[in-house]
Amino acid sequence: MHVMDEETTENIRMLCDSASALVPADGSLDRVRAARFQAPGFSRDGWETVAEMGWLGLRASEDAGGMALGLPEAVALVRVLGSGLVPEPYVAATLAIDLLEDAGPHTALDSALTGQDIILPAWQATADGLDPAAGVSVRNGRLSGTKCAVIAGADLYAVTTAEGLALIPRDAGGLTVQAIAMHDGTYRETLTFDEVAVEVHPSTDPVACLARAMVLHAAYLHGAAEQAFDITLEYLRTRQQFDVAIGSFQALQHRATEMKVQLELARASIDAAAASMDVGQLDHAGHMAALRARSRAGELARLVAREAIQMHGAIGYTDEADIGLFARKLVVEAGQFAPEFRLRERFMTHREDAA
Amino acid sequence: MTQPPFIADHAPHPDFNALSDAEFRALARDFVESNYPDIPRFAQHRLRWPEVRPWYAALARAGWIAPTWPQTLGGMGLGAGKHLILIEEFERYGAARVHDIGTVMLGPLLMQYGTQAQQDYYLPRILRGEDIWAQGYSEPGAGSDLAALRTTAVRDGDEWVIDGQKTWITLGADANMAFVLARTDKTVKKQAGISFLLVPMDAPGVTVRPIENLEGHAEFCEIFFDGVRIPAGNIVGEVNQGWTMAKALLGHERVFIGAPRLSANALGRLEASARANGLWDDPAFQDRFARLAMDLADLNDLFETYVQRLRTGAPIGADVGVLKIFQSELYQRISEELMQVAGSLAGVKLAEGGDSRFDAAGTYLAARPTTIFGGSTEVMRNVLARASLNLPK
């Protein structure tokens, strides 16, 4: 058990309070609704808030101008962002910052931390892939190939390659960007590189960066799932049918408790992963913890999404009910960082290597 | 039955919690490898007292019998993390589970609610193996609905007179002491009139009847009380305050029934059988195995959060039910997979003392009651829904 010290607890309290800058205390999702299906799927104002709050530098070193806080603090903040369905790509941006730091000192890090440039990662070659080196190749200072499922809205892309990290402006010659609308109102992009001129910065451990991002992503899913669960519980307590609250039906109670079981497992798994990965080099156990946290959260997200719709009845399938926003976000986000069967495959590889 | 005492011969403990996890793991591994007696490993059913006694003795002599008790009371004083490591290392070796109702349940309860005299008398007797305890909670008709119990205790001078019946008592025939919930006031609300009593099993009027389970083991028994007289001082807490203690103990019990131990043991056997019969490298099997292994590791993380609450004295609360529900269902899912791996020979009944690592049907059957005892899954979901999720009745 990783017992938090008082300083960490206090940092977390302050961060969670600060999240009200983007997550209204009254649960209003008006801002979230307005940003949907307006490319890139989030607002530049929202991004400025993210930067002003200092969240981008949360885990970055003090030398780089960051706060040098740990993964548990970041997890706590992201959980709140998830509970408010914040569409700004905070987790993706911190992955890019992590990759930049991993690739050594770089001026782009400053502009990423201040929010002046939005830098987002392009690491995935296929929708079920987990290898950051795949999809592209560099020859004679020219990058070719494709990356997919890139979160839209970047000024620059942090592209992972077998040779290291390449930073490529959105308007670089030879880069074609194809955007796809997602069900939650955000966009993903497929990037096609045709002999794009690049400078490559050698990476030390991009897979470890991915593992940390996976845990943050799991925290986002957990925060959103927990809020959707709370909204659903409130509905079960108040909605009357056959002259009683539907929450008194044992069939629904038992299914609600299954969501509770999965929420608590996800919380324990994510918090333990964040605490254990926070110190030192990422070993097999750290990778396995990240894969677990992300797997559990992905399955939790789909469980809560489908139960929320079912328990709300037909209203849950309408666009006007807020619970539908949660369902959409959960099913879209659940698949990020590869499907669970791939995560399990990777888990078993680490398990064998650790033995 | 009177037990001979196992006198601890250990020097004062080092501060185990000051060791790194790796150091403590190495220490625990070395301890079990050097001290585990010549008795079955990876035993699938609970070993009876004559079988497991040498292991209890080894643990008691070293001062390792009560890992979570404070060192000042003769325990190891382990924090939650170190305790888990100890469990893992014992599990990895296949060490049998000793008779631990005294160390896990009664001891901590006496520390919280017992008189100084009760603590001074009973705690050392548990450490020395002089008293082996049984838990007398369930009755025919009062299982998950514990408050419906009918066993009575009537005050007669300086004694309580107990009449009734307790059932589902794990290893009760091996115990020389039992703690028993009995109704001491029939005129009040059913939870309000219950007391917590300590009963010697050799008292006149106590009868034990073994119950053979589906695997053919007499692991359980019933105890009948027919005018059993015990001293008035054999009550823990106040008269009619037994429900408070029952709830506290059930909270502890649900933490420990939710311990990853059973699932960890079964998963180890699943891996061993799959490797032994060549199924291990099958990708479909690997995917199913990975899911179970990840579930088990997540259960570990969740278990740690509750053990931490126990250690710090934080309230356990109704949501502890999630732990017990998930552990028992995971154990059952692993047992399903064991049946798949064993195929047509899953039903083979192994001889006593055989390598029970490969007893698929035995594990399958052994996994059945885990969703029943300690509060059935269905009742626990009802409790969770009302007490934790605040859903209406």
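Biologist: How many residues of the lining of the largest cavity are nonpolar?
Modeller: This is a predicted model, where local features need pLDDT of at least 70, side-chain atom pairs pLDDT 80 or more, and totals for chains, interfaces and linings use all residues, while side-chain values use heavy atoms, without hydrogens and water. Residues count from 1 along each chain as written, with chains lettered from A and ligands numbered from 1 in written order. A cavity is a set of points on a 1 Å grid over the protein atoms alone where a 1.4 Å probe fits but cannot get out, and lining residues have an atom within 4 Å of a point. Beside four polar and four charged residues, the lining of the largest cavity has a nonpolar count of 21.

Biologist: What is the volume of the largest cavity?
Modeller: The whole structure has five cavities of 30 Å³ or more. Volume is the space filled by probe spheres on points joined across faces, edges and corners. For the largest cavity it is about 390 Å³.

Biologist: Which residues lie closest to the centre of the largest cavity?
Modeller: The lining of this cavity has 29 residues. Elements giving two or more of them include α5 (90-102) and α10 (322-334) of chain A. Closest to the centre are P89(A), V91(A), A92(A), I151(A) and E333(A).

Biologist: Which residue of chain A meets E271(B) in a salt bridge?
Modeller: Chain A brings 34 residues and chain B 38 residues to the contact (heavy atoms within 4.5 Å). Between the chains there are nine salt bridges (Lys or Arg side-chain nitrogen within 4 Å of an Asp or Glu carboxyl oxygen). At 2.6 Å, N to O, the partner of E271(B) is R351(A).

Methods
On a 1 Å grid over the protein atoms alone, a cavity is a set of points where a 1.4 Å probe fits but cannot get out, and a pocket is an open set with protein on both sides within 12 Å along at least five of seven lines; lining residues have an atom within 4 Å of a point. Helices (H or I, at least four residues) and strands (E, at least two) are DSSP runs, numbered from the N terminus. Ala, Val, Leu, Ile, Met, Phe, Trp, Tyr, Cys and Pro count as nonpolar, Asp, Glu, Lys and Arg as charged, and the others, Gly among them, as polar.
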